[in-house]
Amino acid sequence: MVDQARAARLSQRIKVLVAEALRKRVKDDRAEAITLTEVRVTNDLQHATVYYTVLGDATAAEGAREVLEAHQGAIRHEVGRQLTIRLVPTLEFVADEVPEVAAHLEEVLAQARERDAELARLRENATFAGESDPYKKDGEDSGNEDAAR
């Protein structure tokens, strides 16, 4: 059984090492727009998934993906050189979709706020469909009580 604290420490260390390798070892301008968001290590510490985001548009994201694929071996070599574990985990780079999902949620929340504001405007001049107090009080005479007896 793998110690979860060790896996968490290893994932943080891999994140730092990959970021340093991108900055120092990869000589490509497209790598400057890459931001590492998270690293997840499997329970057996043999595979690491590196999540990243890219500052820019779709062409910048495609360029960053190409850079990471082209330099994957060099980055793994640099990580393995600085880690003190027996087997170096394989690295898989995955584009993080959190910013896109967050932007979509912000749009949905903005639409909900607009609808709430519209309903509040409609409610300002609204009147009750029936009486202002539709609930019966004790002591009020009701025709239904006589019919029930």
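The expected span of a helix is 1.5 Å times one less than its number of residues. Keep that rule handy for the exercises below, which use a predicted model.

**Exercise 1. Compare the span of helix H2 with its expected value.**

Step 1: H2 covers residues 58–70, which gives 13 residues.
Step 2: At 1.5 Å a residue, the expected reach is 18 Å.
Step 3: From the first C-alpha to the last, the helix reaches 18 Å, close to that expectation.

**Exercise 2. Work out how the buried residues of H2 are arranged around its axis.**

Step 1: Take buried to mean under 20% relative accessible area. Gly63, Ala64, Val67 and Leu68 are the buried residues of H2.
Step 2: Looking down the axis, these residues fall within an arc of 135°, so they line one face of the helix.
Step 3: Turn to the other side of H2, where Ala58, Thr59 and Ala70 are exposed.
Step 4: Now find the partners: the buried residues pack against helices H1 (4–24) and H3 (72–82), and against strands E1 (34–41), E2 (47–54) and E3 (90–95).

**Exercise 3. Describe the largest pocket and find which element gives the most to its lining.**

Step 1: The largest pocket holds about 200 Å³ of space.
Step 2: It is lined by 14 residues, and Val54, Ala61, Ala95, Asp96 and Glu100 are the closest to its centre.
Step 3: Two or more lining residues come from each of E2, H2 and helix H4 (98–124).
Step 4: H2 gives the most, with four residues.

Technical notes: Residues are numbered from 1 along each chain as its sequence is written. This is a predicted model: local features need pLDDT of at least 70, side-chain atom pairs count only at pLDDT 80 or more; totals for chains, interfaces and linings use all residues. Side-chain values use heavy atoms; hydrogens and water are left out. Buried means under 20% relative accessible area, exposed over 50%, partly exposed in between (1.4 Å probe, protein chains only). The arc is that of the directions from the helix axis to the C-beta atoms. Contact means heavy atoms within 4.5 Å. On a 1 Å grid over the protein atoms alone, a cavity is a set of points where a 1.4 Å probe fits but cannot get out, and a pocket is an open set with protein on both sides within 12 Å along at least five of seven lines; lining residues have an atom within 4 Å of a point. Grid points are joined across faces, edges and corners, and a volume is the space filled by probe spheres set on the points.
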